[in-house]
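Please look through the sequence and the model shown here before reading on. The paragraphs after them are meant to be read alongside both.

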Amino acid sequence: MNIKAAPEVQRQTPVDDAIRPGSRTHGWIEVITGSMFSGKSEELIRRLRRAQIARQKVQIFKPVIDNRYGDSHITSHSAMRIESETVASSRELLEHVRHDTEVVGIDEGQFFDAELPAVVNTLADQGRRVIVAGLDQDYLGKPFEPMPQLLAIAEYITKTLAICVVCGDPANHTQRLVASSDRVLVGATGLYEARCRHCFDPHLAEVAKT
Ligand code: ADP
Ligand code: ZN
């Protein structure tokens, strides 16, 4: 048999079960990061859903640039959905957080401006649990700001991996399949696929020179 077993994504959230609304005075930052199709949105939705079930006050945000699935939900590639608010900047996000919100979820962190780490820090300093999901690398394999800065200040980090569609190994890269040198090219199926270190080819997306 030649089937490679990809290690299961670690589902450790040391803080997940330790949250008691009302009894908390300190906040913290959790970051969920990895390639496209690695399950970041699923994991974000899972954590937020649990908090909602526990009747914690939750607010969920996504950046205005991500309009793929309509305006009022975060939707994973496996069709998990949760209601969200769309904001145009991290400053607007900060202004939208209500005074009694205990848990703040943020998807597509890589599409926010450079102020996001400061905003997230402020929210955690105010005693809130902040969970940010986002791509750690762009289509060239370069760190995707402001995610590296968020990783540096987070208390908890979960790295998610997809499965390489070429060879089946754990996939840490987002392979762009169409020629474009724009860092942001929104879409999923047909535009991108998950690939491992060996099968990833950043030059595949190069615009053909005539
Ligand atoms: P992300 O937010 O990291 O882009 P999602 O949470 O939206 O990921 O979607 C994860 C889901 O994507 C998986 O549960 C699976 O159904 C689907 N999927 C599609 N392609 C792959 C792949 N190559 N490896 C793993 N999951 C994949
Ligand atoms: Zn591979």
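Predicted model: local features only at pLDDT ≥ 70, side-chain atom pairs only at ≥ 80, totals over all residues.

Residues are numbered from 1 along each chain as its sequence is written, while chains are lettered from A and ligands numbered from 1 in the order in which they are written.

The protein has four helices and twelve strands; helices (H or I, at least four residues) and strands (E, at least two) are DSSP runs, numbered from the N terminus. Of its 210 residues, 38% are buried. A residue is buried if 20 or more other C-beta atoms lie within 10 Å of its own, exposed if 12 or fewer, and partly exposed in between, with C-beta atoms placed from the backbone. Two residues are in contact if their C-beta atoms, placed from the backbone, lie within 7 Å. Among contacts between residues at least 6 apart in sequence, 76% join residues at least 24 apart.

Six strands make an open sheet with parallel pairing, in the order E5-E2-E6-E7-E1-E8. The edge strands, each pairing on one side only, are E5 (85-87) and E8. From one strand to the next the twist averages 20°. Axes here are lines fitted to C-alpha atoms, for helices over the stretch in contact, and angles run from 0 to 180 degrees between N-to-C directions. Two strands pair if DSSP finds at least two bridges between them. Strand E2 (residues 58-63) and E6 run parallel and are joined by four bridges; phenylalanine 61 has isoleucine 106 in E6 as its bridge partner.

Two helices pack on this sheet. H1 touches E1, E2, E6, E7 and E8, and its direction makes about 165° with that of E7. H3 touches E1, E6 and E7, at about 155° to the direction of E7.

How is E1 placed in the sheet? It pairs with E7 in the parallel sense over seven bridges, and threonine 33 stands opposite glycine 134 in E7. On E8 (residues 156-160) it has five bridges, again in the parallel sense, with isoleucine 32 opposite threonine 158. Six of the seven residues of E1 are buried, so the strand is largely enclosed by the rest of the structure.

In H3 (residues 116-125), the buried residues are Leu116, Pro117, Val119, Val120, Leu123 and Ala124. Seen down the axis of H3, they fall within an arc of 160°, so they line one face of the helix; the arc is that of the directions from the helix axis to the C-beta atoms. H3 is followed by glycine 127, whose phi is positive, near 100°.

Which residues come nearest to ligand 1? Of the 16 residues around it, they are Lys40, Ser41, Ser76, His77 and Ala162, where near means a C-beta atom, placed from the backbone, within 6 Å. Helix H1 (40-53) and strand E9 (162-163) each give two or more residues to this shell, and the largest share, three residues, comes from H1.

Arginine 49 also lies in H1. It counts as partly exposed because it has 14 C-beta neighbours inside 10 Å. Valine 178 is in the loop between strand E11 (173-176) and strand E12 (192-195). Valine 178 has 13 such neighbours and so counts as partly exposed.
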